[in-house]
Amino acid sequence: MLYPTPVCLLFGDRVEHSISPLIHNTAFKCLGLSFSYVAYPIQAEDVGKAITKIDGKSILGANVTIPHKMAVIPYLDSLSAEAKAVGAVNTIHVQDGKKVGHNTDIEGFLAPLDQTTFLDKNIVVLGAGGAARAVMVAVHTKLRPKSLTLVSRRVEKARAACDTLGFGEAADYSDIQQLVSSADLIVNATPLGMPPLQDEMPFPLNIQFQSHQTVYDLVYKPKKTRLLLLAEQQGASTIGGLPMLIAQAAAAFKIWTGKTMPVGDVEAALNNVIL
Ligand code: NAP
């Protein structure tokens, strides 16, 4: 790992097509910062070795994505309160010589939500991975939900996540229409809808949404997933994953540089890439 300028790295197993380099390199350029952001594929056995390279100087920090968000934790000196609560890290920063793990998905998820609208509501989250857990923490701490249900194909996985988090009810898909019917906010935190699964939906095709409901899809590519198009057709409000993607990146950018990401420039750059 030898780079001419200080770099931020993205660690994951399939990061070659990530748009995070475009986001951060656009922001670095717009602010005249001589940093760069590089996607760096690593396999599970190399996680520890990769983390030791982060020195806060030539390697300023890192983002972490699937499947290493939990695996990096033993190699860090401390965790932020958010990373501790979620049990997963998506951003690493060196502070006073110590490697600190952060989770900016919580801030990212909340960014496009009008929080007062969703206070004390019934909320359903699909998926049981790192993103779903960040959503659960965001919802539990900021929206104080009336009910919070985590739906997973394997209910034991959702149950384990709820047990670790200390809140939430676990469910499988057997009663999904009933769960959806009583929800105010429905969040997709599975990869269904994103290439190569762009033709798939996390719900049965005959699912019914209502006009008072909001469907939030964490998938950001395409901008309008099949799920969002269906929810819109049925009169529900929708939120796509792109604002979250930019907001979680902006929070990481701030941690590394102390500067505010020029979000307008980043959005303009992404407009050509995410349709
Ligand atoms: P992950 O750790 O791989 O977890 C995905 C979860 O989805 C799994 O726990 C799995 O639970 C469920 N799942 C997978 N395939 C499924 C299928 N065919 N049908 C139903 N459920 C399925 O991934 P993640 O990090 O949580 O990310 C999830 C999604 O959120 C990804 O598409 C990612 O790109 C997106 N995301 C977006 C942002 C953003 O900024 N917009 C940020 C983070 C993540 P079960 O197998 O138990 O059902």
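**Ground rules.** I'm working from a predicted model, where local features need pLDDT of at least 70, side-chain atom pairs need 80 or more, and totals for chains, interfaces and linings use all residues. Numbering runs from 1 along each chain as its sequence is written, and side-chain values use heavy atoms, with hydrogens and water left out.

**Polar contacts.** I checked N or O pairs within 3.5 Å. A ligand oxygen is 2.3 Å from a side-chain N or O atom of Ser 152. For the side chain of Arg 153 I got 2.7 Å from a ligand oxygen. A polar backbone atom of Ala 128 is 3.3 Å from a ligand oxygen.

**Aromatics.** I counted 6 aromatic pairs, with ring centres within 6.5 Å (planes under 30 degrees apart are stacked, over 60 edge-to-face, the rest tilted). Phe 28 and Phe 35 have centres 5.5 Å apart and planes at 80°, so they sit edge-to-face. Phe 28 is buried at 1% relative accessible area, while Phe 35 is partly exposed at 24%. My cut-offs are under 20% for buried, over 50% for exposed and partly exposed in between (1.4 Å probe, protein chains only). Ring pairs link Phe 28, Phe 35 and Phe 253 into a cluster.

Definitions and conventions: Polar contact = N/O pair within 3.5 Å; in protein donor to acceptor, adjacent residues only side chain to side chain.
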